[in-house]
Amino acid sequence: MSTPAKIPPATLAKLAKLGIHHRSDLLLHLPLRYEDETHLAPIATVQPGETVQVQGMITHNEVTFRPRRTLVCRLQEGDDELYLRFLNFYPSQQKQLAVGKQIRAVGEVRMGYFGLEMVHPKCRAVDDDTPLNTSLSPVYPTTAGLSQIVLRKLITNALEVLPHPDTLPESVRKRLRLADFDSSLRLLHNPTPDISASTLEDRSHAAWQRIKFDELLAQQLSMRVHHRERSKRIAPALAAQQRLTDALLAKLPFALTSAQRKVYAEISHDLAQPHPMQRLLLGDVGSGKTIVAALAALQAIENGYQVALMAPTEILAEQHYLKLREWLEPLGVSPVWLSGSLKKKEKTAAAERIASGDTMLAIGTHALFQQSVEFAKLGLAIVDEQHKFGVQQRLALRNKGVAEDVAEGRNEPHQLMMSATPIPRTLAMSYYADLDVSVIDELPPGRTPVVTKLVSDGRRDEVFERVRAVCMKGQQAYWVCPLIDESEALQLQTAIETHQLLTEAFPELRIGLAHGKLPPAEKAAIMAAFKAGELQLLVATTVIEVGVDVPNASLMVIDHAERMGLAQLHQLRGRVGRGAAESMCVLLFQSEKLSELARARLKIIYESTDGFEIAQQDLQLRGPGELLGARQSGVAMLRFADLGEDEDLLDQARLVADELLQHHPEAARAHLQRWMANKHDYLHV
Ligand code: ADP
Ligand code: MG
């Protein structure tokens, strides 16, 4: 048995960057991929795109300066040659690759300017009888200044000195036919010669299956634990009085759909419990979540508790404010508006009304949850488009005032989160397993389905004509300008130019322009004018993505649709088809520059209008990290398991999580400790 390796502080700091804080974290720092240095490929046979090991003699070595300082070496094997290029290199490397040296190089082959080349290959000097490796070499995720060799040594040492017992009870492991933990780890860190690269690469090997299962199990366990802890915490029991809620229902110009009635009943039941609700309300764009939120708010208010309603953008928050004021003021409930763009004095005044309990309903952006805002008696927090907020913000919200309140024996608010981004089953089960979920699975009646058309850019003129025709009929249209990743300024410029172009082409139309750089008041004025029908055509950047509700709008044109993600396209399309008129969504795309992925996306959005179906396909195209938004893909994300592919493992992990908590609590604790020790926040929110 060896002793624990000493780790210098500088290395510790680098390890911390990789999320390795304890020696035991090294065990689960698994290879990203493997390099096959077990055989040599003759240079004559290598193809661009392959990652191979080749061997030859350096016959040329030169530093060129165009386009930038580059070391270029020619590696020759008989009559065949391959170039090695290095953009960043040390003098020692240049010497290592001197003319006449025999070199083994590993890397991806590509077609370069002079012919086949490898960029930044891994090289070593050899002689004729240097043996080949007998097994695959792991390549670890690392960070600047921490070499594979050092990492590998530390990991090998940790494997030797740290006890790492199997956390799964033998009976469970046997039943599920899972490999044992120790041999899985050893194999992944040090593959034996008999193992094929492909089963390690695609992570189908039994050792990977075991690790992925463990990761999913840890996630399920932590969600369960969180769920249980919540049921021990205390919230005000806000039983339905049906005074304000019935009054609102009586005044509505429509009846609730049965889906809306069902989800409100679920929420209403939760609110009546003396434990904090944490419920996610999922409903496709236009399914009518706002009225459900209003009913939930009234149930809290009729019990004498305040409600906060938060939305991710000013426009959306303001729409809620206007809508709820229209609905609730006649019932004697006046909401207060609070957003970052208010003047300081107005903000203070709003905060005072909230703190004094003068207002029962506060609506706004995340400004509502800043420290300076204190609620007199907060009973319910509602968050719209919750996926737009990062995990951290979500946690901050959950923690809002909670710690002190609980310490003082006061109550914690209930929480209702809403989202129009439908979440596929696997995602819901893993990332939202700590929430209860209600789904509005039905659209209000009287909607005519939106017809989607794919139109290539060459036929732009026809689209202009259609816009005109629709507006002349007394209906309204949106023109959404392209997303330009690289530059917000460019995006703005295209919007301004498109607005100008359309205004010149159709002097008879009243055309507005809305974009993210407008002062909020101006933006609101334009949206209001469009809503009132004063503007017939609205040229906009993607600011209208969420929440805009104009039933008279029946045409949506999305320019450069190939640049947008599926969720975004679906949301935008949901802005039309809200009234009785037949609606259309035109996806204008650049046919020459269409990537495979963009083509796949357009096909999906063209073929389906079902948000859940679209989200499922999106998950397959992009993976969960992007689906949930980059901000959510932080530490809590899975490192090894893939929700697109490992649905079976996830199903098993859910069952085993329950089983462990019930029958093997010690094992559950040990397992969480191993996987979640670093993720304290995500465990105890
Ligand atoms: P979302 O779920 O996208 O937030 P909204 O709450 O904005 O949807 O509702 C979309 C539109 O449908 C609004 O104009 C709303 O007033 C209307 N609406 C909601 N529920 C019903 C219903 N049961 N019958 C008819 N119209 C409804
Ligand atoms: Mg909404």
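Analyst: A polar contact is a pair of N or O atoms within 3.5 Å. With that cut-off, the ligand site of this predicted model can be read.

User: How far is an oxygen atom of ligand 1 from an N or O atom in the side chain of lysine 289?

Analyst: The separation is 2.8 Å, between an oxygen atom of ligand 1 and a side-chain N or O atom of lysine 289. Threonine 290 also takes part: one of its polar side-chain atoms is 2.5 Å from a ligand oxygen.

User: What percentage of the accessible area of ligand 1 does the protein cover?

Analyst: On its own, ligand 1 has 570 Å² of accessible area, and the protein covers 84% of it. The space that ligand 1 takes is the second largest pocket.

User: How many residues surround ligand 1, and which are the closest?

Analyst: The shell comprises 16 residues, and the closest are Gly286, Lys289, Thr290, Arg447 and Asp549. Sorted by class, five residues of this shell are nonpolar, six are polar and five are charged.

User: Where does pLDDT stay under 50?

Analyst: Low pLDDT is a caution: predicted coordinates there should not be read in detail. Here the average pLDDT of the protein is 86, and 89% of the residues score at least 70. Residues 626-636 stay under 50, although the model gives them 30 contacts beyond four places in sequence. Residues 680-685 are also below 50, with 16 contacts beyond near neighbours in sequence.

Technical notes
Residues are numbered from 1 along each chain as its sequence is written. Chains are lettered from A and ligands numbered from 1 in the order in which they are written. This is a predicted model: local features need pLDDT of at least 70, side-chain atom pairs count only at pLDDT 80 or more; totals for chains, interfaces and linings use all residues. Side-chain values use heavy atoms; hydrogens and water are left out. A residue is near a molecule or strand if one of its heavy atoms lies within 4 Å of it. A polar contact is a pair of N or O atoms within 3.5 Å; within protein, one must be able to donate a hydrogen and the other to accept it, and residues adjacent in sequence count only if both atoms are side-chain atoms. Accessible areas come from the Shrake-Rupley method with a 1.4 Å probe; for residues, only the protein chains shown count as cover. On a 1 Å grid over the protein atoms alone, a cavity is a set of points where a 1.4 Å probe fits but cannot get out, and a pocket is an open set with protein on both sides within 12 Å along at least five of seven lines; lining residues have an atom within 4 Å of a point. A molecule sits in a cavity or pocket if more than half of its atoms lie within 2 Å of its grid points. Ala, Val, Leu, Ile, Met, Phe, Trp, Tyr, Cys and Pro count as nonpolar, Asp, Glu, Lys and Arg as charged, and the others, Gly among them, as polar. pLDDT is the predictor's confidence in each residue, from 0 to 100. Contact means heavy atoms within 4.5 Å.
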